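User: I'd like to learn how to read a few features off a model. Could you walk me through them one at a time?

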Amino acid sequence: MIVVTGATGNVGRPLVALLTAAGERVTAVSRRAAEPPRGVRHVRADLDDPAGLKDAFDGADALFLLVAGQDPQAILDAARAGGVRRVVLLSSQGAGTRPEFYRHPAAFEDAVRRSGLEWTILRPGGFHSNAYAWAESIRRGDAVAAPFGDIGLPTVDPADIAEVAAVVLCEDGHVGRTYELTGPAQATPRERAAAIGAALGAPVRFAEQTREEARAQMLGFMPEQVVEGTLAILGEPTEAELRVSPDVERVLGRAPLSFADWAGRNVAAFR
Ligand SMILES: NC(=O)c1ccc[n+]([C@@H]2O[C@H](COP(=O)([O-])OP(=O)(O)OC[C@H]3O[C@@H](n4cnc5c(N)ncnc54)[C@H](OP(=O)(O)O)[C@@H]3O)[C@@H](O)[C@H]2O)c1
């Protein structure tokens, strides 16, 4: 049985669907109640309360772990006690390129590497699905706002992250590996807005935010340290952050999905 934390999210939802379609038994975990797909057990639990994870982990072989909660060691101990032998961690590119800002994912990576479990670490860059933050403005016919409008990054499709996770959870040959997950090409925020416009068949206007405007907005939903790290990646990306990684293609045997592809599949969210 495979436990998927973050099971109702952009990555977790398609991951649960893929594992179920492959015939795996799945326990889906999130804090809020959710209606799981047929045949999937859902357990409400908080990664910030490792003692409360016992029911989810009982009888599990493998764990897809989100960076959430304060004590990765306690989460991994509870997982091992339940029977888990393999863990796949959804970390973040920043844990590798800017660990001084991304201390939380870096601490989860350390704990996973020291756990004695079979581990694989996934380090995605920014997700295509961060563009959902523009949905309300687009539906209202307003311009979408983002900083650094002409700096392109190779954002990644959460569906590709889920597919890579499904493979490394189920197949051997990925233990002890850290995979950098990106899309197939760099795209700027201005180009991403245009791609949503193309999917809608109606142009989407783009308004560049100043760094300070973006910072103030991001502080509403991210810790300050992560805001600083994210602004640095968006505004002054390093070579490593600009690079298109070969890892999605290495694991899946096909190129990663583009932002335009994501926009086409998710266009209903912007109507
Ligand atoms: N977005 C990016 O650009 C980006 C880049 C690199 C890495 N990441 C990482 O990827 C992760 C997953 O992204 P996503 O887009 O799939 O997230 P998402 O759509 O926001 O979903 C988060 C999922 O995790 C659950 N969850 C959150 N906190 C939890 C907790 N303390 N205990 C148990 N479940 C919890 C949520 O359900 P409930 O709220 O009901 O618990 C939901 O199922 C992020 O959390 C982040 O660490 C994101």
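This is a predicted model: local features need pLDDT of at least 70, side-chain atom pairs count only at pLDDT 80 or more; totals for chains, interfaces and linings use all residues.

User: Which residues touch the most other members of the largest nonpolar core?

Analyst: The general idea: in soluble globular proteins, nonpolar side chains tend to be buried together. A nonpolar core here is a set of buried Ala, Val, Leu, Ile, Met, Phe, Trp, Tyr and Cys residues joined through side-chain atoms within 4.5 Å. Buried means under 20% relative accessible area, exposed over 50%, and partly exposed in between (1.4 Å probe, protein chains only). The largest core has 30 residues, and Val4, Leu15, Phe64 and Leu122 touch the most other members. Elements that each supply at least two residues include β1 (2-5), α1 (12-21), β2 (26-30) and β5 (86-90). The most comes from α7, which gives 8 residues. Those element names are DSSP runs numbered from the N terminus: helices are H or I with at least four residues, strands E with at least two.

User: How many salt bridges are there?

Analyst: Side chains of opposite charge can pair when their charged atoms come close. The rule is a side-chain nitrogen of Lys or Arg within 4 Å of a carboxyl oxygen of Asp or Glu, and the count comes to 22 salt bridges. Take arginine 123 and glutamate 109, at 2.8 Å from N to O. Arginine 123 is in strand β6 (residues 118-124) and glutamate 109 in helix α5 (residues 103-114), so this pair ties together parts 14 residues apart in sequence.

User: Is that pair buried or exposed?

Analyst: Arginine 123 counts as buried at 13% relative accessibility, and glutamate 109 is buried too, at 2%.

User: And which parts does the pair of arginine 190 and glutamate 208 tie together?

Analyst: Their side chains meet at 3.7 Å, N to O. Arginine 190 sits in helix α8 and glutamate 208 in strand β9 (residues 206-209), so the bridge links parts 18 residues apart in sequence. Arginine 190 is partly exposed at 36%, and glutamate 208 is partly exposed at 47%.

User: What about glutamate 228 and arginine 215?

Analyst: Their closest N and O atoms are 2.6 Å apart. Glutamate 228 belongs to helix α10 (residues 224-235) and arginine 215 to helix α9 (residues 211-218), so parts 13 residues apart in sequence are tied together. Glutamate 228 is partly exposed at 21%, whereas arginine 215 counts as buried at 19%. Bridges can also share partners: Glu109, Arg113, Arg123 and Glu180 are joined into one network that way.

User: What does phenylalanine 148 have as its phi?

Analyst: Most residues other than glycine have a negative phi. Phenylalanine 148 has a positive phi of about 50 degrees although it is not a glycine. This residue lies in the loop between β7 (144-147) and α7, and phenylalanine 148 is buried, with a relative accessible area of 16%.

Terms used: Residues are numbered from 1 along each chain as its sequence is written. Side-chain values use heavy atoms; hydrogens and water are left out.
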